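Keep the viewer open as you read.

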Amino acid sequence: MSPPLVEVSAISRSYAMRSGMFGRSTAVHAVDGVSLTIRKGEILGLVGESGSGKSTTGRIVLGLEPPDRGEVRFDGKPMAAPGTAAWRAQRARMQMIFQDPLGALDRRLPVAAQIREPLDIHGVGTIAEREDRVRELLRAVELTPAHGARYPGALSGGQRQRIVLARALATKPDFLVCDEPVSALDVSIQAQVVNLLCDLQAQLGLTLLFISHDLRVVRQISNNVAVMYLGRIVEIGSADDLFARPEHPYTQALVSASPAPGRRSAGRIVLAGDPPNPAARPQGCAFHPRCPRAIARCASEVPALSSVGGDRQVACHLVSGAETREAA
Amino acid sequence: MTPLVSIEGLSVAFNGVPVLRGVDLALGKGEALGLVGESGSGKSVTWLAALGLLPRHAKVSGSVRLDGRELLGAPASELDQVRGGRVAMIFQDPASALNPVLTIRKQLCEALALHRNLSGEAIKAEALRLLNLVGIPDAGRRLSAYPHEFSGGQVQRIMIAMAVAGNPDLLIADEPTTALDATIQAQILELLSTIRREMSMALVLISHDLGVVAENCDRVAVMYAGRIVEQAPSNQLFADPVHPYAQGLIGALPPLDGPRRRLTAIPGTVPDPAHMPSGCAFAPRCTLAAEPCALAAPPLAPIAEDRVVACIRAEASRHALLGIAAE
Ligand SMILES: Nc1ncnc2c1ncn2[C@@H]1O[C@H](COP(=O)(O)OP(=O)(O)O)[C@@H](O)[C@H]1O
Ligand SMILES: Nc1ncnc2c1ncn2[C@@H]1O[C@H](COP(=O)(O)OP(=O)(O)O)[C@@H](O)[C@H]1O
Ligand code: SF4
Ligand code: SF4
Ligand SMILES: [Mg+2]
Ligand SMILES: [Mg+2]
């Protein structure tokens, strides 16, 4: 097994949120005690509904924002303090790709210039070498120099996302955080970008944190998958196995809610109740008000994420620890 | 049997640019029809045109009949009766369709007064019944709440209540769950199918999500660049798609179980309506395209009972797929 590249230990982050115009401010626990390990060359998928803390986790992992508690280590070293030279060196090795490529690009600049920008900033090579590298990057994302001469507005959504990807790869990073990179694209274009990401990952040996609410896309890309609910990881395991045999009641509901051609809705688990409100997280297991299997203990005691055999970890009183598995 | 709705040769142009180019579609009483296709393919415009909801500068031609009566060019008063009465529509962004400064009771009662022969107490009782029907907890008290006091999923439930207030024969749901999280989407789809059964209402479910339409509809129509390119019973379309675009869409969907396979991405992008290729609009992206494809747009032709396809190489395309399956 390859050594870990990213080690996240018990990170937490809350935001103050004011309710109403003169309302008291309440704390939103966006991320609460999340631990993750991503090995070199691994793709870890992060799924969960909106507001579950996926993007906040991604920003903390990249050092774009400090955690309130906990620590992130990159290649064995703690993240350097923002703004320092050590931080810049570390940051050049990691990049982020967001959902909205148009928002990430400058509308007033030809896209080739934007791909070159990180090379200019980090002073990589001569001008001519940078131009060569831009052409090479365009080719890597299956675009031509003619595309590079265009402005973002003259490219399609899928092409823009390729440009963002090319720019992210300019400094030859080891680690990419992709936050819903294909969610805004139509399914046929989504498939192009997903295939491209898989190819580049394999060619370059990239390590990826791949955030998405789309289970299908996550399974297609990831080796391992973590499921988040209200700021915590409730289940983690290898991608194929996790979707084939989800253990946590929330993962089971998510998998069951994913519509599948050829299967009619019979037997679907439909959760009652509203989506969770991160500003009013329930006591105990945060999922208990919607959980079809909740027991009395769930309302007061937080289930810990623990190994249930193999590489699977689950945070649920009904599936936690080896004893429950044996008893079942 | 006359169909409930029959659309023939429906065409729409904005500022001289055609975006619908002869849509043919029919729907029986109580039937659930899915409409899929990439964004911009004309799914929304089809039904906005059918109900006379497009802006004035849209040029509309063809025919849309409801129970045999022509709707295109019908007087405004008649269309007002049809909309919200026999045919109701809900949209992706429900919040924009509700008035933020009126209570839910007021808005439901308005819809009821407009389309149902009810008065006074009967209207209020019906409003309460509808809110209960769509599963809003504590409906009696919540009637006096304003739209912003409800979650996204609940607002979509309220939109469904408003839509079915007039006892429609047909509900057109345009991407009703696209903005919602997976578990809430499952709730809303279940609600829609329960209500459809209970009210024996026909449903047009517009979605870019193949899984959503496959699971909730009897029949599916696939749109591409302003035309229907294939129409088939749901299970057949997914087991045996014939049009190369329909095949591409299904191949592009990552599987949720079984072995992973490389996705079959459709190359290129959707054509710009202002620069439509001649002949088959899919030709620039089609792996089976041959010379005759560029000559004329292929018409929808039957290939089996209840199945139509607009591709001159339908047979070849079917064989190509079977060939892949046999490998
Ligand atoms: N900068 C911020 N200020 C205040 N609240 C925030 C901020 N970023 C995220 N949040 C809140 O934290 C929670 C988790 O958000 P996020 O990480 O974006 O979740 P996800 O990406 O899973 O949708 C949400 O309730 C969100 O409103
Ligand atoms: N009011 C309008 N004015 C001009 N063009 C429009 C208008 N409404 C839709 N269109 C164009 O018509 C085409 C079909 O749009 P639409 O039916 O909304 O697609 P879909 O619902 O399949 O995503 C698109 O090219 C869109 O830009
Ligand atoms: S701990 Fe209890 S409430 Fe939470 S998922 Fe398990 S059974 Fe459900
Ligand atoms: S008509 Fe020709 S170009 Fe069009 S889908 Fe069929 S084979 Fe492809
Ligand atoms: Mg997010
Ligand atoms: Mg639309």
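**Sheets, helices and ligand shells**

In chain A, helix H11 (residues 249-257) lies across strands E9 (224-229) and E10, and its direction makes about 105° with E9(A). Contact here means heavy atoms within 4.5 Å, and the angle, on a scale from 0 to 180 degrees, is between N-to-C directions of axes fitted to C-alpha atoms, for helices over the stretch in contact. Helices (H or I, at least four residues) and strands (E, at least two) are DSSP runs, numbered from the N terminus.

A word on the ground rules: this is a predicted model, where local features need pLDDT of at least 70 and side-chain atom pairs need pLDDT 80 or more, while totals for chains, interfaces and linings use all residues. Residues are numbered from 1 along each chain as its sequence is written, chains are lettered from A and ligands numbered from 1 in the order in which they are written, and side-chain values use heavy atoms, with hydrogens and water left out.

Back to E9 and E10: both sit in an open sheet of eight strands in chain A, ordered E6-E7-E8-E3-E9-E10-E12-E11 with mixed pairing. Its edge strands are E6 (94-97) and E11 (306-307) of chain A, each pairing on one side only. Pairing requires at least two DSSP bridges between two strands. E10 (residues 232-238) and E12 (residues 313-314) of chain A run antiparallel and are joined by two bridges; Glu235(A) has Val314(A) in E12(A) as its bridge partner.

Chain A also has an open sheet of four strands, E2-E1-E4-E5, with antiparallel pairing. Strands E2 (25-39) and E5 (77-78) of chain A each have a single partner strand, so one side of each has no neighbour in the sheet. Five bridges link the antiparallel strands E1 (residues 4-18) and E4 (residues 69-74) of chain A, and Val8(A) is bridged to Val72(A) in E4(A). Helix H1 (residues 54-61) of chain A packs on this sheet, touching E1, E2 and E4 of chain A, at about 125° to the direction of E1(A).

For polar contacts (pairs of N or O atoms within 3.5 Å), an N or O atom in the side chain of Ser55(A) is 2.8 Å from an oxygen atom of ligand 1, and a polar side-chain atom of Thr56(A) lies 2.5 Å from an oxygen atom of ligand 1. Alone, ligand 1 exposes 560 Å², and the protein buries 65% of that, by the Shrake-Rupley method with a 1.4 Å probe.

A backbone N or O atom of Gly40(B) is 2.7 Å from an oxygen atom of ligand 2, and an N or O atom in the side chain of Ser44(B) is 2.8 Å from an oxygen atom of ligand 2.

Finally, ligand 4 is surrounded by 13 residues, and the closest are Cys280(B), Ala283(B), Cys286(B), Cys293(B) and Cys311(B).

Conventions
Polar contact = N/O pair within 3.5 Å; in protein donor to acceptor, adjacent residues only side chain to side chain. Near = heavy atom within 4 Å.
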